[in-house]
Amino acid sequence: MSEPFTSAIAANRFGLGARPGELAAIGGGGRDWLRAQLAGPPPQLAAAGLRSCTDILAAALELRRELQAARKADAQGVAADPLQKLPQFLRPIYASEVTARLQQAVTSERPFLERLTQFWANHFAVSIDKQFLAGLAGSFEREAIRPHVLGNFADLLLAAETHPAMLLYLDNYLSVGPHAPAALRAARRDAQRRIGINENLAREILELHTLGVGGGYTQADVTTFAAVLSGWSIGGEGGRFRGGVPGQFLFRPELHEPGTKVVLGTRYRDDGFGQGVAVLRDLARARATAQFVATKLARHFIADEPPAAAVARLADAFHSSGGDLPRVYHALLDAREAWDSGLAKYKSPCDYVLSAYRGLGLPADAAHAPLAPFELLGQRTWSPGSPAGWPDRSADWDGAAALMKRIQWAQALGERLGGRCDAVALAPELLGANLGAATRGALAHAASAAQAVTLLLAAPEFMRR
Amino acid sequence: MSTRRQFLTHAASAAGGLFCTTRLAFAGATAASGGRRPRLVLIVMRGALDGLAAVPPYGDRDYAALRGEAALHAPGAPGGALALDGFFGLHPALEFLGQSYRARELLVLHALASPYRERSHFDGQDVLENGTPRPHALQSGWLNRALAHLPGAHPREAGVALGQNVPLVMRGPAAVTSWSPSKLAAPDEDTLARLTDLYAGDALLAQRLADGLAADAIAAEDGAGMTPLPPAAGDAARPRAAHSARYAETVRAAAGFLRQEDGPQVAVFDTSGWDTHANEGGAQGQLATRLAGLDAALASLRQELGAAWGDTAVLAITEFGRTAAINGTRGTDHGTATAAFLIGGAVAGGRVLADWPGLAPRQLYQGRDLAPTLDLRAVLKGVLAGHLGVSTRALDEEVFPDSARLRPLAGLMRA
């Protein structure tokens, strides 16, 4: 490769795919272009009309209460119509959030930050297949992830774990310490009905958000950490969860397990909410967390099986800086291994769709079915189906049926754009140094302008980043 | 409609002969298996199925107390379990499984677990699929490695994953394909031929395109059976219907592949939603709805397979079980042993296979989970040997490496 930090790698691997003219503007300074994107506060979503999580959740809870009351009043059970009200309320919110995210990704001058935002949203994954989350996943990304992408990991962690979307998704808003005032009261009233700990959030914080599965914690640590987090809840749920601002994070002392607790060998005195904050701060600083986060970042930006030396340098940057994320990103950009091979990563469907939108300048507004490509190609936005988030290796995305869908979509785009798009001229603008002779030849000999667009989007160089 | 072979001939000429070698192996498939052609469907239930709710041991004296208000009652009581053997019952949502048990086509396995003993879904699923005792020990799956040892002639793609991508259990050296219905127009044949040329220097894409074309060709030959279903109107109010609709296309596609005499013999698909940490429900509720969906999917699979059902075994497995006791939020947390289902016309059913460890506090694994008394790999070996005819040697050394001490569970299949 003649130039070491090629614009093609900068725009396609670290960004979301080149737009026409972008590679020329970057020139030989791919790394500088990316470094410059790390300066200044992270961009917020500009779209008008996006509502806060608190606002959405309060309205959804109110709606659910109305539906439950209606169901009680009508012993026959309500017909399909009222049952549809909650999805009918949530679906347009989801659509406008996905559209705003797509527009941001397509038009951004700092696509590296958009990719990082998506990376962290996936690290702290919530999934819309759980009740309410379709309406909350977008605000979770905007409120808990986006503002902290250029900050410290500890702040990002705390923002994610205290966001109502996460407390709902991993059930912690219901979790009650067995000796908490509310539990003792309930036991006096009705010995049969147990209320107590739910360990879902505590386990996934340790396993998926901080230390990683081999990070040295035991079942006892999970259970105790869950006790630490009991009381981390949401306001205004009604019933035994009355109180607080509806839809907003609320620490409920009456649900919190009292007492000093030992997690991973460290004693934490009980000061209510602060006990959980202290554990999270220590988890953010742990060596295992640095290693786990470094491995995931390196897998995302360097290779499916990233070189150990590069991972070690990222982990050192993370650990020695106390989780200062820009320092880790700079170490990533400094990693020679990230620039060695032009096409080391197979694009996820989301990567694939976004790069096509950017490359072809496709309209991303609500009138042009902006949700459809993600669904058709197998990655409905914010629906990884598990708290582990979307997987990040080629084998997870390179199935035969998945490839056929990409080809079909590429064909539909070719037919739509037809003669308005000159794929022969566009190919070097999008693929730069990655463009190979075989693809160049195939485009030159295409039977039609439409077919050339299809071949460009289906080319091996466009399947990878 | 052109037949698959006409399509293949055409595609082969368009693609410079690539598909001739790909598909010729189909020709001898039926003859070599002597009339009987075993089919296997693997259903991976991701999220950890609560075996004590799906197959409640209502006869265990500790069961009701552990489950509290979520405990299922004995058969006969309102909302009670479906009768099995007098000790175990079936969750009342599993109507078709209950019928299948009575028809001796359902074998229930209980208190079983993979070799994995921690409680991470993702490592647990990795062990469930990679066929070794350790997570991430291999990048291929036991089912794929078994395909390489199917006796007799079989198609090049002996396995199909229903979905866009192939789950780990089906990944590996043996050629497999994946298929899912599409709302988009089929690619133009001239474009496909050009892409075949363009991918010639790219081993991965060349392989995937060939596999994808092979699957599409089988789907095209099956015709109407594998077209996408129209959305069912008004089903959202009826949970059973809504959840079976989720699986309907998958099941139709699986059956469409398997019922063909020269198609894949093994199909795999995923189900999700089993991670019931909160408000799991009892005879009704969240888990009941999921189980009803699975039950309806299995009923529809039987119907769609028609005569091929007699040669079919369907195995539904999950990564681990859930806590024996209900937790503080009316759900269950990650546990250890659980239940599994083996169902089909080829199954020697009508039995529950379990070496029951009991549910008293000292009998629970680590004081909280149903203890495992049966290694899932023994069941998998029993199915692969007894149903698909995979040799013991292959099972001991390659499919489940270093597992010679673990004997296949015999007698799972009809003689």
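So, how much area is buried between chain B and chain A? In this predicted model, the figure comes out at about 4600 Å², and carbon and sulfur atoms give 56% of that. If you're wondering why I start with an area, the size of an interface is often given as the accessible area lost when the parts come together.

Okay, who takes part? Chain A puts 59 residues into the contact, and chain B puts in 57.

I count four salt bridges between chain B and chain A. One of them pairs A:Asp398 with B:Arg208, with the closest N and O atoms 3.2 Å apart.

The largest share is from α10(B), with eight residues. As for the make-up of that side of chain B, we have 22 nonpolar residues, 18 polar and 17 charged.

The largest nonpolar core has 107 residues, and the members that touch the most others are A:Phe14, A:Trp120, A:Phe124, A:Phe153 and A:Phe225. Take A:Phe225: leaving out residues up to four places away in sequence, A:Phe225 touches A:Ala202, A:Ile205, A:Leu206, A:Val263, A:Val279, A:Leu280 and A:Leu283. Then there's a second, separate core of 63 residues, including B:Phe88, B:Tyr247, B:Phe269 and B:Leu364.

That's my tour, thanks.

How values were computed. Residues numbered from 1 in each chain as written. Chains lettered and ligands numbered in written order. Predicted model: local features only at pLDDT ≥ 70, side-chain atom pairs only at ≥ 80, totals over all residues. Heavy atoms only, no water. Contact = heavy atoms within 4.5 Å. Buried area = accessible area lost by both parts, 1.4 Å probe. Salt bridge = Lys/Arg side-chain N within 4 Å of Asp/Glu carboxyl O. Helix = DSSP H or I, 4+ residues; strand = E, 2+ residues; numbered from the N terminus. Nonpolar A, V, L, I, M, F, W, Y, C, P; charged D, E, K, R; others polar. Core = buried A, V, L, I, M, F, W, Y, C linked by side-chain atoms within 4.5 Å. Buried < 20%, exposed > 50% of the residue type's maximum accessible area, 1.4 Å probe, protein only.
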